[in-house]
Amino acid sequence: MNQKSESKTSRDTQLGGNVSRVLANFTDWLENYGETSWDYQSFFAGPVGGRAKALYYSHGLIGTAAVAPMIFCEAFLPSGRRLFHHHIRFPIADAHYAMGFAFLYDATGDSSQLENAVHFLTELKKSRCRDFKEYCWGYPFNWVTRNGVIGAQTFLQVFKLDPREEWKLILESIARHAAADIKDFRTSEKASSSSYTPFDAGGVVNAAAYRAFLLTSASKVFCNEYYWRTAERNLNFVLENQNPDGSWFYAMDGVRDFVDHYHTCFVMKAIAKIYRLTGYEPCKDALSKGIKYYLENLFDEESLPKPFSKAPRLTVYKRELYDCAECINLCLLLRNRFPALGRTLEKVVAHILKSWVKRDGSFRSRKLHLGWDNVPMHRWGQAQMFRALAFYLRETSATEVRWQRSEIGKKAARNKDVSGQRAAPGSQRAEKRYALNQRTEIR
């Protein structure tokens with residue numbers, strides 16, 4: 001290994017150690033704080049905020065006046081959320097916590113982390129939508145918009161670590177829901193958009209991307225060609241609607257044409273995972289154009305994630321924890337193909353550890369134009385950042401183990417005697433002990 005590679009490995013190891021400590025403190029905070037929280041939508045989740053938001057979409061000036069107090073609180077008094085709603089549990093947060101603890105188990109071998117993952121998976125199972133035959137999830141509040149949350153990846157990740165028949169049956173049910181209850185809308189000869197829920201008219205780009213990945217994965221796990229045929233049409237919808245500059249609008253409805261950070265990450269993560277599973281060639285060009293746009297337009301003057309390159313409205317915050325979490329996830333997936341993402345990854349992780357970790361172990365939620373939003377919100381950043389940093393730790397640990405193994409190989413080669421014979425068995429046993437000690441130390 002050359003000096004540059006050794007230096008990078010050393011930096012990764014040091015950063016990984018800091019991440020490990022942050023994750024340990026966060027786990028303690030989570031246990032003490034509890035598994036319910038407010039949310040960024042808390043201002044509009046209750047009856048007062050919900051009616052105000054509905055007015056905003058339907059009555060222009062009157063609606064703007066109705067939502068103004070909530071927007072003021074969001075910008076200057078984030079703790080005002082408690083006046084509009086209460087703590088609730090979020091299925092998507094349970095899913096991210098389950099994945100995060102599964103990554104920690106991968107990185108450490110600590111069985112208690114797997115127990116934590118199973119706990120959150122069990123909670124996720126309890127919160128399924130009972131109105132549907134198959135397993136699916138939705139928002140636990142009335143979400144007012146102009147016009148589900150699907151947990152397959154979570155169950156698949158834990159199933160690989162703890163292969164219970166129960167998890168497999170739930171995976172099969174989720175795949176059936178995604179294939180049958182989520183609707184397709186033909187957009188071209190080769191493409192179809194998908195509905196965001198079983199009841200809307202489609203057009204949201206990240207919804208099609210997520211469904212495409214879910215069904216691609218299901219086609220491999222369950223050897224089901226029909227799932228891939230459906231996924232391919234959704235994937236083609238995403239690829240066909242990439243803008244010439246490499247970006248994607250949030251939706252292809254002529255209204256929601258904003259370009260934001262975390263939804264852009266959602267789309268490219270799905271494309272990257274599909275390419276990894278299938279080798280579907282058009283994904284390569286889409287990722288190249290997408291990453292170029294992403295790096296040039298969705299980072300601020302400090303090279304840190306910014307919320308929008310094209311905003312839909314006035315934004316009351318400067319940076320968001322959710323954006324940073326999804327940036328870390330995307331960089332980890334694609335840094336080997338796009339080296340610039342490796343540099344971005346290191347900078348963003350270091351920035352999170354320096355500026356976003358609170359004394360109690362939780363994370364700040366938003367960097368406002370004046371001050372911070374320090375209200376911990378499980379669905380809106382806490383769970384996502386925990387999962388992202390756990391993923392980072394797992395990947396950093398794996399890299400370090402591979403490096404140690406290569407060093408062991410070099411030592412073994414040097415220990416050969418001049419006749420080309422391998423070193424004595426005692427030396428080989430010492431090398432194996434060295435490898436085990438290194439793996440334990442890394443974990």
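How many salt bridges does a search of the whole structure find? The count comes to 20. Keep in mind as you click around that this is a predicted model.

**Stop one: Arg-89 and Glu-35.** Select these two and show their side chains. They form a salt bridge, with 2.4 Å between the closest N and O atoms. The pair ties together distant parts of the chain, 54 residues apart: Arg-89 sits in the loop between α4 and α5, while Glu-35 sits in the loop between α1 (3-33) and α2 (42-45). Arg-89 has 24% relative accessibility, so it counts as partly exposed. Glu-35 is partly exposed too, at 26%.

Together with Glu-35 and Arg-89, they are linked in a network of salt bridges.

**Stop two: two more pairs.** Pick Asp-162 and Arg-164 next. This is another salt bridge, its closest N and O atoms 2.8 Å apart. Is Asp-162 buried or exposed? With a relative accessible area of 17%, Asp-162 is buried, because the cut-off for that is under 20%.

Then jump to Arg-394 and Glu-395. Here the salt bridge has its closest N and O atoms 2.7 Å apart. Arg-394 is partly exposed at 22%, and Glu-395 is partly exposed at 21%.

Zoom in on Leu-77, which lies in the loop between α4 (60-76) and α5 (91-108). At 44% relative accessibility, Leu-77 counts as partly exposed.

**Stop four: a helix pair.** Go back to cartoon and select residues 205-221 (helix α9) and 225-240 (helix α10). How do you describe two packed helices? You use the angle between their axes and the distance between the axes. For α9 and α10, the axes come within 8 Å and cross at roughly 150°. That is over 145 degrees, so α9 is roughly antiparallel to α10. The crossing of α9 past α10 is left-handed.

**Last stop: Glu-189.** Where is Glu-189? Look in the loop between β1 (184-186) and β2 (192-194). Glu-189 has 66% relative accessibility, so it counts as exposed.

How values were computed
Residues numbered from 1 in each chain as written. Predicted model: local features only at pLDDT ≥ 70, side-chain atom pairs only at ≥ 80, totals over all residues. Heavy atoms only, no water. Helix = DSSP H or I, 4+ residues; strand = E, 2+ residues; numbered from the N terminus. Buried < 20%, exposed > 50% of the residue type's maximum accessible area, 1.4 Å probe, protein only. Axes fitted to C-alpha atoms, helices over the stretch in contact; angles between N-to-C directions. Parallel < 35°, antiparallel > 145°, perpendicular 65-115°, else oblique. Left-handed = near helix turned anticlockwise from the far one by under 90°. Salt bridge = Lys/Arg side-chain N within 4 Å of Asp/Glu carboxyl O.
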